[in-house]
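Tell me if you read any of it another way.

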Amino acid sequence: MNKITVLGRIYKYGSVGTSKNGKTYIGFSIFDTRKEKEETVKFRCVAFNGTAEKINEWCENGDQVLVFGSLENDQKTDSFRFVVSDFQRAGQKQDKPEITQEPKENQFF
């Protein structure tokens, strides 16, 4: 079974869009910084329909989120993407760092 849970900070690429087959979606990344190794791991993510709308409405860049989903092969980029099925926003807004551009990463999923 392909189930993944990631805790990290969100970076949204834009607002909700609509695919050719009528699904709403949002693309974003989750960055997990590993302090002991001083590296950041990036997870390319996509969410669809109601989950996409909630992420767009409830989350801002830099918010800490816990996301649940699965890995899927993205044939357009020949890499993996994390398809998010659910999420939880964590922490208070005043506790988060401000992210104005996508952080650099050492690894890409």
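1. Start with the second largest pocket: 10 residues line it, and R9, F31, D32, T33 and Q64 are the ones nearest its centre. Two elements, β1 (4–12) and β3, each give two or more residues to that lining. Keep in mind that this is a predicted model.

2. That second largest pocket has a volume of about 210 Å³. Sorted by class, its lining comes out as 3 nonpolar, 4 polar and 3 charged residues.

3. Now the largest pocket, with a volume of about 480 Å³. Its lining takes in 17 residues, and Y25, V46, F48, K76 and R81 sit nearest the centre. The elements giving two or more residues to this lining are β3 (24–34), β4 (39–48) and β5 (64–74). β4 has the largest share, with 4 residues.

4. What is the lining of the largest pocket made of, by class? There are 6 nonpolar, 5 polar and 6 charged residues in it.

5. On to helix α1, which spans residues 49–58: T51, A52 and I55 are buried there. Looking down the axis of α1, you'll find the buried residues within an arc of 100°, so they line one face of the helix.

6. And what covers those buried residues of α1? The cover includes β1, β3, β4 and β6 (79–90).

Terms used:
Residues are numbered from 1 along each chain as its sequence is written. This is a predicted model: local features need pLDDT of at least 70, side-chain atom pairs count only at pLDDT 80 or more; totals for chains, interfaces and linings use all residues. Side-chain values use heavy atoms; hydrogens and water are left out. On a 1 Å grid over the protein atoms alone, a cavity is a set of points where a 1.4 Å probe fits but cannot get out, and a pocket is an open set with protein on both sides within 12 Å along at least five of seven lines; lining residues have an atom within 4 Å of a point. Grid points are joined across faces, edges and corners, and a volume is the space filled by probe spheres set on the points. Ala, Val, Leu, Ile, Met, Phe, Trp, Tyr, Cys and Pro count as nonpolar, Asp, Glu, Lys and Arg as charged, and the others, Gly among them, as polar. Buried means under 20% relative accessible area, exposed over 50%, partly exposed in between (1.4 Å probe, protein chains only). The arc is that of the directions from the helix axis to the C-beta atoms. Contact means heavy atoms within 4.5 Å.
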